[in-house]
Amino acid sequence: MQRIDVRDATDPRLEDYRDLTDVTLRRRIEPAGGLYIAESAKVIARALAAGHRPRSVLVQEKWIDDLAPLLVQHPEVPVYVVEADLAEHLTGYAVHRGALAAMHRPKTPPLRDVLREARLVVILEDIVDHTNVGAIFRACAGLGADAVLVSPRCADPLYRRSVRVSMGTVFQVPWTRLPDWDQTRSILHEEGFQIAALALREDAVSLDDFEPASRVALMLGAEGDGLTPKALAAADTVVTIPMAGGVDSLNVAAASAVALWALRHPHAAE
């Protein structure tokens, strides 16, 4: 392991880890630079298992033994060892899990490649909250969705917070960015997908009564605004989760888990 002890937060070799709390800055730098940040030994392990390549690692002394076995296949990668206060000063937050890795961003696959073997996919339209995106990926991994498709304005699944909340499952669930709705609808229909929009609407079909086709694309919209009119117009069916107690809806991540479980177990409510 190429260990490098660093005591100066202004060291230019640490530039990838600077001011990670600035969302606007990270959105601009990470995609353009082809990088994303993986946080914690567990998440880094999942990124490496998915074949992603690290550019460097930032770690506190007490966590280095957890990280060393993961980097056996990457002896050329610099491992910057820092004190906890320097890590916090550098990144702008307390790095409780002790390790960060600057990872080379993998190429986004074409939409048809992602759909080829899929039977159940989730579409995220304009969900800008990174926590929700990460939680939805975790639900997709745990409940058997085959892929996630994200709109152009949706938050980056590889943003540090999304990766962390997903517990690294963003690396195991195939995903890609969508073109415009007209193209998306055409491609999904050509591939035999039924497009189901999860939304509150008077003509919506209860999830209990929804009869899914053999291939389903489930659309989810942002908190508050929900799906846009264009997304709803692209849908073949609008479905809703039956609610009680005067509550009309769930958080989008919770709703995704409920809907995915129901679609994987279509007769569970009978």
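**Terms for the space search.** I worked on a 1 Å grid over the protein atoms alone, where a cavity is a set of points that a 1.4 Å probe fits but cannot get out of. Lining residues have an atom within 4 Å of a point. Grid points are joined across faces, edges and corners, and a volume is the space filled by probe spheres set on the points.

**Source notes.** This is a predicted model, so I noted its limits: local features need pLDDT of at least 70, side-chain atom pairs count only at pLDDT 80 or more, and totals for chains, interfaces and linings use all residues. Residues are numbered from 1 along each chain as its sequence is written, and side-chain values use heavy atoms, with hydrogens and water left out.

**Entry: cavity.** I found one cavity of 30 Å³ or more. The largest cavity holds about 30 Å³ of space. I listed its lining as Leu58, Val59, Gln60, Val82, Ala87, Val95, Gly98 and Ala99. Strand β3 (residues 54-60) gives the largest share of that lining, three residues. Strands here are DSSP runs of E, at least two residues, numbered from the N terminus. By class, the lining has six nonpolar residues, two polar and no charged. I counted Ala, Val, Leu, Ile, Met, Phe, Trp, Tyr, Cys and Pro as nonpolar, Asp, Glu, Lys and Arg as charged, and the others, Gly among them, as polar.

**Entry: strand β11.** Is β11 (residues 216-220) buried or exposed? Five of its five residues are buried, so the strand is largely enclosed by the rest of the structure. Buried means under 20% relative accessible area (1.4 Å probe, protein chains only). In a regular strand the side chains alternate between the two faces of the sheet. I checked each face of β11: Val216, Leu218 and Leu220 are buried on one side, Ala217 and Met219 on the other.

Next I looked up its partners. Two strands pair if DSSP finds at least two bridges between them. Strand β6 (residues 120-124) runs parallel to β11, joined by five bridges. There, Leu120 has Val216 as its bridge partner. Strand β9 (residues 194-198) also pairs with β11 in the parallel sense, over four bridges. Ile195 of that region stands opposite Ala217.

**Entry: cysteines.** I searched the whole structure for disulfides (cysteine sulfur atoms within 2.5 Å) and got zero. Cys140 is in none; its nearest cysteine sulfur, in Cys154, is 11 Å away. That separation is too far for a bond. Cys140 is buried, at 0% relative accessible area. Cys154 also counts as buried, at 5%.

Methods. On a 1 Å grid over the protein atoms alone, a cavity is a set of points where a 1.4 Å probe fits but cannot get out, and a pocket is an open set with protein on both sides within 12 Å along at least five of seven lines; lining residues have an atom within 4 Å of a point. Buried means under 20% relative accessible area, exposed over 50%, partly exposed in between (1.4 Å probe, protein chains only).
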